[in-house]
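Please open the model in your viewer and keep the selection panel at hand.

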Amino acid sequence: MVIILAVFIILALYDLPRFIRKKEPVKVFVVYVFLMAASLAVSLLLAAGKRPASPARWIEWILKMIGVVK
Amino acid sequence: MEKARISSIQLFLLIIGFLYGSTVIINPALSAKNDAWLAILLGGVGGALLIGVYASIALLNPSKTLVEILMDRFGKLIGNAVSILYIWYFIHIASLVFRNFGEFITTMTFPETPMAVVIGIFAVLLVYGINSGIEVMGRTSELFVPFIPVTALIISLSLITTRDFTAFLPMLENGMALVLNAAFSFITFPFGETIAFLMLFPHLNKKENLKKVAALSVLFIVVLCLFIFIRNISVLGSDLMYRAIFTPHLTSLLIPGLNVEPLIDINLLIGGGTKISVCIYAAAKALSQVLGISDYRKLTTAITTFCVVLSIWVYENVLEMFSWAEKVWPYYSIPFQMVIPLILLFLSLKKRAEPSKSRE
């Protein structure tokens, strides 16, 4: 978990100051933070052994519900 | 739009690298067992038609990316919604290829190394390549993709004394349905995934060569896949080829007195790297166009990080990966690879016909 946090902090420290220096629009920050936060949350859950249902399962479930996949 | 340009040969090699991508370890046509050659041929014909559709869309909408075409044809609201679905699709493809790569390396080459480390290090290299731009990606493919057929040839020649060409027989033992299913899977993986190239086609310097380049790359991949299939089945036999998890790796292990195993890793590095780069580039560029961000490079790190995490999250184990790729992927891909592109082609043709009608 510590390694995961360290990796994400390094990535954020590499990108965010660059965005601030170049005065990037807010939407760049929003998308960046959203993707990184989602990645961090899933990584921490995986590291903790609490694997959330994966998108592959959701897709399979939807296709089964429609009746495309048995 | 970015002014970068790629030549026809660079696009040809990028498409070959992309199509070969993870097909080097997972070839859906092999589910037809000893009739896989027929599935490869039928899938190749279908794949050529599909890539022809994508090339036609690009030629009917010159200098426009997939996102711009979607917004033009569907309007801003629906266009944006469909673009977001495509962004997800490109991210999903990239993460699946990351996972294929990670599974292969941690199963065969570095069994003691955690998969996240293997995928993470590969991702760092790819981000560097993607941030360097499409021209660098094109030049890198010029440098590396030619190794793919060369390594396939080296492995095949090394096994030239160990062959049984009766392994193809009997033909159509399991019926035509299995062959057609395998051919359909082969169309959706890898040919249909070239929809991502609609984000790259505007960078081609000679647009008139687009259809020729697309057709030649499909032909090349079909011949290469047939060549590799013939090698694998004649060396391993139908049953073992079907049961093996990573068939080319097993074949390469059978070469007496010579260890060419790393050549498969190199092939996967080149093909998988090209495919992931194209998909992440397409996703970052599409997202930047949807949001009106000037440079796609601002989003590549975040998208690649998400792809890496998704690749670990998406399957629990290698068996789920193979099962999902065989059973779910072809149907999940239909809207992205066939339905929406065909609607786009129809609307583009209609739009082109409109001005001539009004002149009459």
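Begin by selecting Arg57(A) and Glu320(B), which form a salt bridge whose closest N and O atoms are 3.7 Å apart; the term stands for a side-chain nitrogen of Lys or Arg within 4 Å of a carboxyl oxygen of Asp or Glu. Across the interface of chain A and chain B the rule finds three salt bridges.

This is a predicted model, in which local features need pLDDT of at least 70 and side-chain atom pairs count only at pLDDT 80 or more, while totals for chains, interfaces and linings use all residues. Residues are numbered from 1 along each chain as its sequence is written, chains are lettered from A and ligands numbered from 1 in the order in which they are written, and side-chain values use heavy atoms, with hydrogens and water left out.

Next, select the whole boundary: 29 residues of chain A are in contact with 26 residues of chain B, contact meaning heavy atoms within 4.5 Å. About 2,400 Å² is buried between the two chains, 75% of it given by carbon and sulfur atoms; buried area is the accessible area (1.4 Å probe) that two parts lose on being put together, summed over both. Within this boundary, pick out Leu35(A), Arg51(A) and Ile59(A), which supply 21% of the area that chain A buries against chain B, more than any other three residues.

Now colour helices H1 (2–21), H2 (26–47) and H3 (55–66) of chain A, the elements that give two or more residues to the side touching chain B; helices here are DSSP runs (H or I, at least four residues), numbered from the N terminus. H2(A) gives the largest share of that side, eleven residues.

Then move to the largest cavity, which has a volume of about 130 Å³. A cavity is a set of points on a 1 Å grid over the protein atoms alone where a 1.4 Å probe fits but cannot get out, and lining residues have an atom within 4 Å of a point; a volume is the space filled by probe spheres set on the points, which are joined across faces, edges and corners. Of its 13 lining residues, select Thr23(B), Val24(B), Asn27(B), Ile228(B) and Asn232(B), which lie nearest its centre. The largest share of the lining, four residues, comes from H9(B).

Finish at the second largest cavity, with a volume of about 30 Å³, where the lining residues include Ala58(B), Lys64(B), Phe201(B) and Lys207(B).

Notes. 1 Å grid on protein atoms, 1.4 Å probe; cavity = no way out; pocket = protein on both sides within 12 Å on 5 of 7 lines; lining within 4 Å.
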